[in-house]
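Please keep the sequence and the three-dimensional view side by side while reading.

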Amino acid sequence: MLSAAALAIVVCGDLDVAFDRQLSYLLQDCSAASENLLLAAHAQGLGACWVGIHPGEPLVKRVKELLGLPAQIVPVAAISIGYPGEQQPPRTRYSRDYIRREKW
Ligand SMILES: Cc1cc2nc3c(=O)[nH]c(=O)nc-3n(C[C@H](O)[C@H](O)[C@H](O)COP(=O)(O)O)c2cc1C
């Protein structure tokens, strides 16, 4: 859907300024940003989809080349945004079996 989308935002993290310079924190930050982009697009009546980049090495390399990203910049996800072509009914993957109370 990326090639057909009106817009794509590539969410990147900077290892030099990530907390403790750790990739794990960078990924958590970028994941929160990605989810916020999805929610913001939805709130505007737009369609959006999280397209994973990291940790697929060939994909990370290709996106870094394409966008000319410096070594410390990690592309984590692309968020495609556009006018939705279809409306899917809401669904859930919730199951009570996934919930633990107080202890696993
Ligand atoms: C880390 C991550 C990577 C994803 N990568 C893709 C992707 O490459 N292509 C795609 O169509 N959807 C991708 N998605 C979206 C999922 O397929 C799915 O639509 C999303 O997690 C919402 O799930 P739900 O429909 O059960 O609510 C990704 C989601 C996550 C969290």
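What follows goes from the overall fold to the strands, the core, the ligand and then the loops.

The model is a predicted one, in which local features need pLDDT of at least 70 and side-chain atom pairs count only at pLDDT 80 or more, while totals for chains, interfaces and linings use all residues. Residues are numbered from 1 along each chain as its sequence is written.

The secondary structure of the protein consists of two helices and three strands, where helices (H or I, at least four residues) and strands (E, at least two) are DSSP runs, numbered from the N terminus. Followed along the sequence, these elements give the pattern β-α-β-α-β. The C-alpha trace spans about 45 × 45 × 25 Å along its principal axes. The radius of gyration of the protein is 16 Å, whereas a compact globule of 104 residues would have one near 13 Å; the radius is taken over C-alpha atoms, and the globule rule is 2.2 Å times the number of residues to the power 0.38. Of the 104 residues, 16% count as buried, a term that requires 20 or more other C-beta atoms within 10 Å of the residue's own, with exposed meaning 12 or fewer, partly exposed meaning in between, and C-beta atoms placed from the backbone. Among contacts between residues at least 6 apart in sequence, 68% join residues at least 24 apart, a contact being a pair of residues whose C-beta atoms, placed from the backbone, lie within 7 Å.

Strand β1 (residues 7-14) pairs with β3 in the antiparallel sense over eight bridges, and two strands are said to pair if DSSP finds at least two bridges between them. Within this pairing, Val10 has Ala78 of β3 as its bridge partner. Strand β2 (residues 47-52) also runs antiparallel to β3, to which it is joined by six bridges, and here Gly52 stands opposite Ala77 of β3.

Which residues touch the most other members of the largest nonpolar core? They are Val11, Cys30, Val76, Ala77 and Ile79, in a core of 13 residues; such a core is a set of buried Ala, Val, Leu, Ile, Met, Phe, Trp, Tyr and Cys residues joined through C-beta atoms within 7 Å. β1, α1 and β3 each supply at least two residues of this core, and the largest share, six residues, comes from β3. In soluble globular proteins, nonpolar side chains tend to be buried together.

The ligand is surrounded by Cys49, Trp50, Val51, Gly52 and Arg93, where a residue is near a molecule if its C-beta atom, placed from the backbone, lies within 6 Å of it. The shell divides into three nonpolar residues, one polar and one charged; Ala, Val, Leu, Ile, Met, Phe, Trp, Tyr, Cys and Pro count as nonpolar, Asp, Glu, Lys and Arg as charged, and the others, Gly among them, as polar.

Helix α2 is hardly covered, as the count of buried residues among its 11 residues is zero. One of its residues is Val60, which counts as partly exposed because 16 other C-beta atoms lie within 10 Å. Not counting residues up to four places away in sequence, Val60 touches Ile53, His54 and Pro75. After α2 comes Gly68, with a positive phi near 65 degrees.

Some backbone details complete the picture. Most residues other than glycine have a negative phi, and most peptide bonds are trans. The bond from His54 to Pro55, however, is cis, with omega near 10 degrees, and Pro55 is found in the loop between β2 and α2. Asp20, in the loop between β1 and α1, has a positive phi near 60 degrees and counts as exposed because it has 8 C-beta neighbours inside 10 Å. Glu102, in the segment after β3, likewise has a positive phi, of about 65 degrees, and is exposed, with 4 other C-beta atoms within 10 Å.

Terms used: Two residues are in contact if their C-beta atoms, placed from the backbone, lie within 7 Å.
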